Amino acid sequence: MAAAADTAITAPRTHLRDLAIADLEGVLAGAGAPNPALLARRLAVALHREGATSSDEAGLGRRVRGWLASRFDLEPLLDVADRREAPDGTVQHLFRTRDGHVFEVVRLKNLKNRTLCLSSQVGCALACTFCATGTLGLTRNLTAGEILESFSRAARDDDERVGDVVFMGQGEPLHNYDEVLLACDNLAHCDGPAISKRRITVSTSGLVPAIRRFTAEARLWRLHLSLHSAIEETRRALMPVARTYGLDELLEAFREHQRIRQVKWLTFQYVAIPDVNMDEAHIEALDERLQGLRVILNVIPWNDTGGTPYRAPTWTEVKEFTTALRRLGRPVKTRYSGGKQEGMGCGQLAGGILPRRPTGGHVMAPPGIFSDL
Ligand code: SAH
Ligand code: SF4
């Protein structure tokens, strides 16, 4: 091993965290590691399960560290720019990449474990009118290594187990398909954090070709749709992506997904915005458009992002809306956005760049009160 270490390597070295755990052994063998299977397992456990963020923390001998360092990158990809905790126990981690960009991971407190809400991009290109991230534009995709290191750093910040991972932070995950899905593979790997495959969720605003690819490739993760309206004009006004992919082909792609992947229940998210998409016409449109789909409607009361014509619904308005939705005979859940009082809720993530918008009409409801209303 030591004899090969003197080869000067000038090309940028692959970061070990960017590799699929399933490929580690082959890559190490190709580089001439004497015991690649053992080293691959040790590295997977150290980096992805134990959350080591540098070669010093990975528990490797000095010679192995030197050998790895001459061929691969193993040093931190991120540093911690900020950490804030909301009174409801939600924690927002702000990470800075090596090239100086910032993005969040939000850790939500459940009764028994934690949910980590991960970012897939710095900013987002899709410019939904109700979302703070959408106002930033897209800076760049995150690499799988950056996503996985953000997971590790946030996960090891407290003793409770991470039970769920949702790609609902900054960015459109299917816009960064390969890196996000590589990260999912590693998160579920038995040598890594071993998150249950049914507990990894990718949320999309509706990129039809990527949804079809996800179905065709038989990806194991849950795929949620951000629907927000079953009326074409409203959806287009809220989400520019709807001008490219209309409701017909979008819902057809999800019908196909449900049928081929045998998904018992799909989940469609619905950001509830008063005077925009909560009236009778929108409820009827849902009834009509969702025929033939088994869907759980997940209502997210809109969180204030500032600089928009919208207002957050009151608790009463949310309750009236969900009660009316129940007439459709479909399961309806309402999401409490953890940390929204502190600007950490769904759609409020903007890399600490925009001023925090702490409140909306519905925040007076205690955490959890909306679940399964
Ligand atoms: N880009 C993906 C995932 C990230 S957004 C997507 O759009 O699905 C995660 C969820 O938060 C989406 O359902 C999104 O519509 C919702 N969201 C965005 N802005 C929001 C806001 N201001 N209030 C409540 N939910 C919001
Ligand atoms: Fe992007 Fe999702 Fe925000 Fe739309 S809601 S701008 S797709 S992060």
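These entries record what I looked up, element by element.

**Ground rules.** I am working with a predicted model, in which local features need pLDDT of at least 70, side-chain atom pairs count only at pLDDT 80 or more, and totals for chains, interfaces and linings use all residues. Residues are numbered from 1 along each chain as its sequence is written, chains are lettered from A and ligands numbered from 1 in the order in which they are written, and side-chain values use heavy atoms, with hydrogens and water left out. Helices (H or I, at least four residues) and strands (E, at least two) are DSSP runs, numbered from the N terminus.

**Entry 1: helix H4.** I looked up H4, residues 144-155. From first C-alpha to last, its twelve residues reach 16 Å, close to the expected 16 Å. That expected span is 1.5 Å times one less than the number of residues. Next I checked burial (buried is under 20% relative accessible area, exposed over 50%, partly exposed in between, with a 1.4 Å probe and protein chains only). In H4, twelve of twelve residues are buried. Charged names turn up in that buried list, including Glu 146, Glu 149 and Arg 153.

**Entry 2: strand E4.** I moved to E4, residues 114-117. Arg 114 and Leu 116 point one way, Thr 115 and Cys 117 the other way, and all are buried. Which strands pair with E4 (at least two DSSP bridges between them)? Strand E3, residues 102-109, is joined to E4 by four bridges and runs antiparallel to it. Here Val 106 stands opposite Cys 117. Four residues lie between E3 and E4 in their hairpin. Strand E7, residues 162-167, also has four bridges to E4, but this pair runs parallel. Val 165 in E7 is the bridge partner of Leu 116.

**Entry 3: His 93.** I found His 93 in strand E2, residues 91-97. Its relative accessible area is 3%, so His 93 is buried. I then listed its contacts (heavy atoms within 4.5 Å). Leaving aside neighbours within four places in sequence, His 93 touches, among others, Asp 82, Phe 103, Glu 104 and Ala 154.

**Entry 4: helices H6 and H9.** Two packed helices are described by the angle and the distance between their axes. The axes of H6 (residues 208-216) and H9 (residues 247-260) come within 10 Å and cross at roughly 10°. That makes H6 roughly parallel to H9 (angles under 35 degrees). Among the residues that meet are Phe 214 in H6 and Phe 254 in H9. The contact residues divide into seven nonpolar, two polar and four charged.

Key. Two strands pair if DSSP finds at least two bridges between them. Axes are lines fitted to C-alpha atoms, for helices over the stretch in contact, and angles run from 0 to 180 degrees between N-to-C directions. Angles under 35 degrees count as roughly parallel, over 145 as roughly antiparallel, 65 to 115 as roughly perpendicular and the rest as oblique.
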